[in-house]
Amino acid sequence: LLGGSLFGAILALGIALLVNRIAERRLATTIVGPLQAIATTAREARAERQFDVHAPRAPIAEIDNLAVEINSMLDQLRDWNARMADTHQALVRRANFDTLSGLPNRTSFLEQVGNAIRLAHRNKDRFAILFLDGDRFKETNDRFGHAAGDKVIATVAERIRPILRAGDVAARLGGDEFGVLIHHLETSEDATRVRPRILEAMEEPVPLEHGQATTVGLSIGIAVYPDDGSDVEALLNHADSAMYAHKNERR
(Lines give C-alpha, C1' and ligand atoms only; values in the text may rest on other atoms or scores of the structure.)
Protein backbone atom coordinates (compact mmCIF):
# COMPACT_ATOMS: atom_id res chain seq x y z
CA LEU A 1 0.00 0.00 0.00
CA LEU A 2 2.82 2.35 0.89
CA GLY A 3 4.66 1.49 -2.35
CA GLY A 4 1.50 1.98 -4.35
CA SER A 5 0.83 5.30 -2.70
CA LEU A 6 4.43 6.42 -3.34
CA PHE A 7 4.21 5.32 -6.95
CA GLY A 8 0.91 7.16 -7.35
CA ALA A 9 2.37 10.29 -5.82
CA ILE A 10 5.40 10.17 -8.10
CA LEU A 11 3.18 9.54 -11.12
CA ALA A 12 0.93 12.43 -10.17
CA LEU A 13 3.95 14.68 -9.69
CA GLY A 14 5.34 13.66 -13.05
CA ILE A 15 2.02 14.32 -14.73
CA ALA A 16 1.81 17.67 -12.95
CA LEU A 17 5.32 18.58 -14.10
CA LEU A 18 4.50 17.52 -17.64
CA VAL A 19 1.30 19.53 -17.63
CA ASN A 20 3.19 22.49 -16.18
CA ARG A 21 5.88 22.24 -18.86
CA ILE A 22 3.23 22.07 -21.58
CA ALA A 23 1.48 25.06 -20.03
CA GLU A 24 4.77 26.99 -19.89
CA ARG A 25 5.47 26.27 -23.53
CA ARG A 26 1.96 27.23 -24.52
CA LEU A 27 2.23 30.39 -22.42
CA ALA A 28 5.56 31.24 -24.05
CA THR A 29 4.18 30.55 -27.51
CA THR A 30 0.84 32.28 -27.21
CA ILE A 31 1.47 35.13 -24.72
CA VAL A 32 5.08 35.78 -23.72
CA GLY A 33 6.57 35.38 -27.20
CA PRO A 34 4.08 37.65 -28.97
CA LEU A 35 4.36 40.27 -26.21
CA GLN A 36 8.17 40.20 -26.45
CA ALA A 37 7.92 40.55 -30.25
CA ILE A 38 5.65 43.58 -29.84
CA ALA A 39 8.07 45.10 -27.31
CA THR A 40 11.04 44.47 -29.64
CA THR A 41 9.19 46.05 -32.54
CA ALA A 42 8.32 49.14 -30.48
CA ARG A 43 11.92 49.42 -29.25
CA GLU A 44 13.36 49.26 -32.77
CA ALA A 45 10.88 51.84 -33.99
CA ARG A 46 11.69 54.18 -31.11
CA ALA A 47 15.48 53.77 -31.02
CA GLU A 48 16.23 53.50 -34.75
CA ARG A 49 13.19 55.29 -36.15
CA GLN A 50 12.52 52.30 -38.38
CA PHE A 51 8.79 52.55 -38.93
CA ASP A 52 8.73 49.83 -41.60
CA VAL A 53 8.99 47.07 -38.98
CA HIS A 54 5.82 45.22 -37.95
CA ALA A 55 4.87 43.09 -34.97
CA PRO A 56 3.89 39.48 -35.85
CA ARG A 57 0.29 38.36 -35.48
CA ALA A 58 -0.60 36.43 -32.31
CA PRO A 59 -2.87 33.39 -31.77
CA ILE A 60 -4.69 35.01 -28.83
CA ALA A 61 -7.28 37.52 -29.99
CA GLU A 62 -6.50 40.20 -27.41
CA ILE A 63 -2.74 40.14 -28.10
CA ASP A 64 -3.38 39.96 -31.85
CA ASN A 65 -5.52 43.09 -31.60
CA LEU A 66 -2.67 44.80 -29.77
CA ALA A 67 -0.24 43.82 -32.54
CA VAL A 68 -2.66 45.11 -35.19
CA GLU A 69 -3.00 48.47 -33.40
CA ILE A 70 0.78 48.75 -32.98
CA ASN A 71 1.29 48.03 -36.68
CA SER A 72 -1.35 50.57 -37.63
CA MET A 73 0.36 53.19 -35.48
CA LEU A 74 3.73 52.38 -37.08
CA ASP A 75 2.22 52.76 -40.56
CA GLN A 76 0.89 56.19 -39.61
CA LEU A 77 4.26 57.16 -38.13
CA ARG A 78 5.98 55.99 -41.33
CA ASP A 79 3.68 58.13 -43.48
CA TRP A 80 4.07 61.09 -41.13
CA ASN A 81 7.87 60.71 -41.13
CA ALA A 82 7.92 60.59 -44.94
CA ARG A 83 5.81 63.76 -45.16
CA MET A 84 8.09 65.48 -42.65
CA ALA A 85 11.15 64.50 -44.70
CA ASP A 86 9.55 65.83 -47.89
CA THR A 87 8.60 69.05 -46.11
CA HIS A 88 12.12 69.42 -44.75
CA GLN A 89 13.64 68.93 -48.20
CA ALA A 90 11.23 71.48 -49.66
CA LEU A 91 12.14 74.01 -46.96
CA VAL A 92 15.85 73.40 -47.48
CA ARG A 93 15.47 73.86 -51.22
CA ARG A 94 13.36 76.98 -50.75
CA ALA A 95 15.98 78.41 -48.40
CA ASN A 96 18.89 77.69 -50.74
CA PHE A 97 17.47 77.81 -54.28
CA ASP A 98 15.74 80.37 -56.44
CA THR A 99 12.35 79.06 -57.55
CA LEU A 100 12.28 80.88 -60.89
CA SER A 101 15.69 79.90 -62.26
CA GLY A 102 16.25 76.72 -60.29
CA LEU A 103 19.74 77.99 -59.38
CA PRO A 104 21.17 78.44 -55.89
CA ASN A 105 20.17 81.77 -54.37
CA ARG A 106 22.38 84.55 -53.03
CA THR A 107 22.68 83.07 -49.52
CA SER A 108 23.76 79.70 -50.85
CA PHE A 109 26.20 81.28 -53.32
CA LEU A 110 27.91 83.39 -50.65
CA GLU A 111 28.22 80.32 -48.44
CA GLN A 112 29.82 78.35 -51.27
CA VAL A 113 32.24 81.20 -52.01
CA GLY A 114 33.22 81.20 -48.33
CA ASN A 115 33.83 77.45 -48.48
CA ALA A 116 35.88 77.90 -51.65
CA ILE A 117 38.06 80.51 -49.89
CA ARG A 118 38.82 78.15 -47.00
CA LEU A 119 39.56 75.27 -49.34
CA ALA A 120 41.74 77.37 -51.66
CA HIS A 121 43.65 78.83 -48.72
CA ARG A 122 44.41 75.37 -47.38
CA ASN A 123 45.42 73.93 -50.78
CA LYS A 124 47.15 77.06 -52.15
CA ASP A 125 44.58 77.04 -54.96
CA ARG A 126 42.96 79.74 -57.09
CA PHE A 127 39.35 80.27 -58.11
CA ALA A 128 37.23 83.01 -59.65
CA ILE A 129 33.78 84.47 -59.25
CA LEU A 130 31.87 86.15 -62.06
CA PHE A 131 29.25 88.82 -61.41
CA LEU A 132 26.64 88.97 -64.20
CA ASP A 133 24.17 91.82 -64.59
CA GLY A 134 21.45 92.05 -67.22
CA ASP A 135 21.38 94.93 -69.70
CA ARG A 136 18.04 96.64 -70.34
CA PHE A 137 16.14 94.03 -68.34
CA LYS A 138 13.71 96.68 -67.11
CA GLU A 139 12.95 97.60 -70.71
CA THR A 140 12.04 93.97 -71.39
CA ASN A 141 9.65 93.96 -68.43
CA ASP A 142 8.08 97.26 -69.45
CA ARG A 143 7.69 96.31 -73.09
CA PHE A 144 6.65 92.64 -72.90
CA GLY A 145 5.43 92.21 -69.32
CA HIS A 146 6.68 90.41 -66.24
CA ALA A 147 6.02 86.97 -67.69
CA ALA A 148 8.51 87.76 -70.43
CA GLY A 149 10.99 88.94 -67.81
CA ASP A 150 10.60 85.65 -65.97
CA LYS A 151 11.19 83.79 -69.23
CA VAL A 152 14.40 85.75 -69.77
CA ILE A 153 15.67 84.94 -66.27
CA ALA A 154 14.93 81.24 -66.72
CA THR A 155 16.60 81.24 -70.15
CA VAL A 156 19.77 82.87 -68.82
CA ALA A 157 19.98 80.12 -66.19
CA GLU A 158 19.44 77.39 -68.79
CA ARG A 159 22.19 78.78 -71.04
CA ILE A 160 24.76 79.26 -68.29
CA ARG A 161 24.58 75.72 -66.88
CA PRO A 162 26.03 73.83 -69.90
CA ILE A 163 28.98 76.21 -70.14
CA LEU A 164 30.29 75.43 -66.66
CA ARG A 165 32.37 72.45 -65.65
CA ALA A 166 31.19 69.86 -63.17
CA GLY A 167 31.62 71.33 -59.71
CA ASP A 168 31.39 74.96 -60.82
CA VAL A 169 28.37 76.87 -59.55
CA ALA A 170 25.91 79.31 -61.12
CA ALA A 171 23.50 81.21 -58.88
CA ARG A 172 20.82 83.87 -59.14
CA LEU A 173 21.72 86.69 -56.77
CA GLY A 174 18.48 88.61 -57.25
CA GLY A 175 16.64 90.49 -60.01
CA ASP A 176 18.68 90.13 -63.19
CA GLU A 177 21.95 89.52 -61.31
CA PHE A 178 23.75 86.18 -61.45
CA GLY A 179 26.94 84.83 -59.93
CA VAL A 180 29.30 82.11 -61.14
CA LEU A 181 31.91 80.31 -59.06
CA ILE A 182 34.74 78.70 -61.03
CA HIS A 183 36.98 76.35 -59.06
CA HIS A 184 40.62 75.35 -59.56
CA LEU A 185 42.17 77.90 -61.92
CA GLU A 186 45.59 77.25 -63.37
CA THR A 187 45.97 80.92 -64.31
CA SER A 188 43.81 84.05 -64.02
CA GLU A 189 43.21 83.92 -67.78
CA ASP A 190 41.24 80.70 -67.35
CA ALA A 191 38.40 82.74 -65.83
CA THR A 192 38.38 85.33 -68.62
CA ARG A 193 37.82 82.59 -71.19
CA VAL A 194 34.41 81.86 -69.67
CA ARG A 195 33.06 85.37 -70.26
CA PRO A 196 32.97 85.28 -74.10
CA ARG A 197 31.37 81.83 -74.00
CA ILE A 198 28.56 83.16 -71.79
CA LEU A 199 28.08 86.23 -73.98
CA GLU A 200 27.99 84.05 -77.09
CA ALA A 201 25.32 81.83 -75.51
CA MET A 202 23.14 84.92 -74.96
CA GLU A 203 23.23 86.06 -78.59
CA GLU A 204 20.36 83.83 -79.65
CA PRO A 205 17.02 85.67 -79.15
CA VAL A 206 14.72 84.45 -76.41
CA PRO A 207 11.31 83.46 -77.88
CA LEU A 208 8.32 85.02 -76.13
CA GLU A 209 4.57 84.75 -76.51
CA HIS A 210 2.73 85.80 -79.68
CA GLY A 211 5.79 85.20 -81.85
CA GLN A 212 7.81 87.92 -80.15
CA ALA A 213 11.44 87.64 -79.10
CA THR A 214 14.08 89.58 -77.23
CA THR A 215 17.83 89.37 -76.85
CA VAL A 216 19.66 89.05 -73.54
CA GLY A 217 22.60 91.31 -72.82
CA LEU A 218 24.93 90.67 -69.89
CA SER A 219 27.73 92.68 -68.36
CA ILE A 220 30.25 90.46 -66.58
CA GLY A 221 32.83 91.30 -63.95
CA ILE A 222 35.51 88.88 -62.77
CA ALA A 223 37.37 88.57 -59.48
CA VAL A 224 40.12 86.01 -58.84
CA TYR A 225 41.14 84.65 -55.45
CA PRO A 226 43.58 85.62 -53.99
CA ASP A 227 44.65 88.28 -56.50
CA ASP A 228 41.53 90.44 -56.15
CA GLY A 229 40.58 89.73 -52.56
CA SER A 230 40.96 87.29 -49.70
CA ASP A 231 37.40 87.32 -48.34
CA VAL A 232 33.89 87.13 -49.73
CA GLU A 233 33.10 90.83 -49.48
CA ALA A 234 36.34 91.92 -51.15
CA LEU A 235 35.85 89.48 -54.03
CA LEU A 236 32.23 90.56 -54.58
CA ASN A 237 33.15 94.23 -54.52
CA HIS A 238 35.92 93.69 -57.06
CA ALA A 239 33.66 91.64 -59.32
CA ASP A 240 30.93 94.28 -59.02
CA SER A 241 33.33 97.07 -59.98
CA ALA A 242 34.66 95.02 -62.89
CA MET A 243 31.08 94.38 -64.03
CA TYR A 244 30.31 98.11 -64.17
CA ALA A 245 33.53 98.68 -66.09
CA HIS A 246 32.46 96.03 -68.59
CA LYS A 247 28.99 97.58 -68.81
CA ASN A 248 30.51 100.97 -69.66
CA GLU A 249 32.68 99.35 -72.32
CA ARG A 250 29.61 97.71 -73.87
CA ARG A 251 27.79 101.03 -73.91
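## Exercises on a predicted model

In helix H5, the buried residues (under 20% relative accessible area, with exposed over 50% and partly exposed in between; 1.4 Å probe, protein chains only) are Ala148, Gly149, Val152, Ile153, Ala154, Thr155, Val156, Ala157, Arg159 and Ile160. Helices (H or I, at least four residues) and strands (E, at least two) are DSSP runs numbered from the N terminus. This is a predicted model, in which local features need pLDDT of at least 70 and side-chain atom pairs count only at pLDDT 80 or more, while totals for chains, interfaces and linings use all residues. Residues are numbered from 1 along each chain as its sequence is written, and side-chain values use heavy atoms, with hydrogens and water left out.

**Exercise 1.** Find how H4 and H5 pack, and which residues make the contact.

*Solution.* 
- Step 1: Two packed helices are described by the angle between their axes and the distance between the axes.
- Step 2: For H4 (residues 137-144) and H5 (residues 146-160), the angle is about 140° and the axes are 6 Å apart. Axes are lines fitted to C-alpha atoms, for helices over the stretch in contact, and angles run from 0 to 180 degrees between N-to-C directions.
- Step 3: H4 is therefore oblique to H5; angles under 35 degrees count as roughly parallel, over 145 as roughly antiparallel, 65 to 115 as roughly perpendicular and the rest as oblique.
- Step 4: H4 contributes Phe137, Thr140, Asn141 and Phe144 to the contact (heavy atoms within 4.5 Å), and H5 contributes His146, Ala148, Gly149, Val152 and Ile153.

**Exercise 2.** Locate the largest nonpolar core and the element that gives it the largest share.

*Solution.* 
- Step 1: A nonpolar core is a set of buried Ala, Val, Leu, Ile, Met, Phe, Trp, Tyr and Cys residues joined through side-chain atoms within 4.5 Å.
- Step 2: The largest one has 29 residues, and Leu130, Leu132, Val156, Ile160, Val180, Ile198 and Leu218 have the most contacts inside it.
- Step 3: At least two residues each come from strand E1 (127-135), H5, strand E3 (177-182), helix H7 (194-201) and strand E6 (217-225).
- Step 4: H5 gives the largest share, 6 residues.
- Step 5: Look at valine 156: leaving aside neighbours within four places in sequence, this residue is in contact with Phe178, Met202, Val216 and Leu218.

**Exercise 3.** Where does arginine 57 lie, and is this residue buried or exposed?

*Solution.* 
- Step 1: Arginine 57 sits in the loop between helix H1 (2-48) and helix H2 (61-96).
- Step 2: Arginine 57 counts as exposed because its relative accessibility is 59%.
- Step 3: Not counting residues up to four places away in sequence, arginine 57 touches Asp64 and Val68.
- Step 4: The C-alpha atoms of arginine 57 and alanine 67 are 6.2 Å apart, with the two residues 10 apart along the chain.
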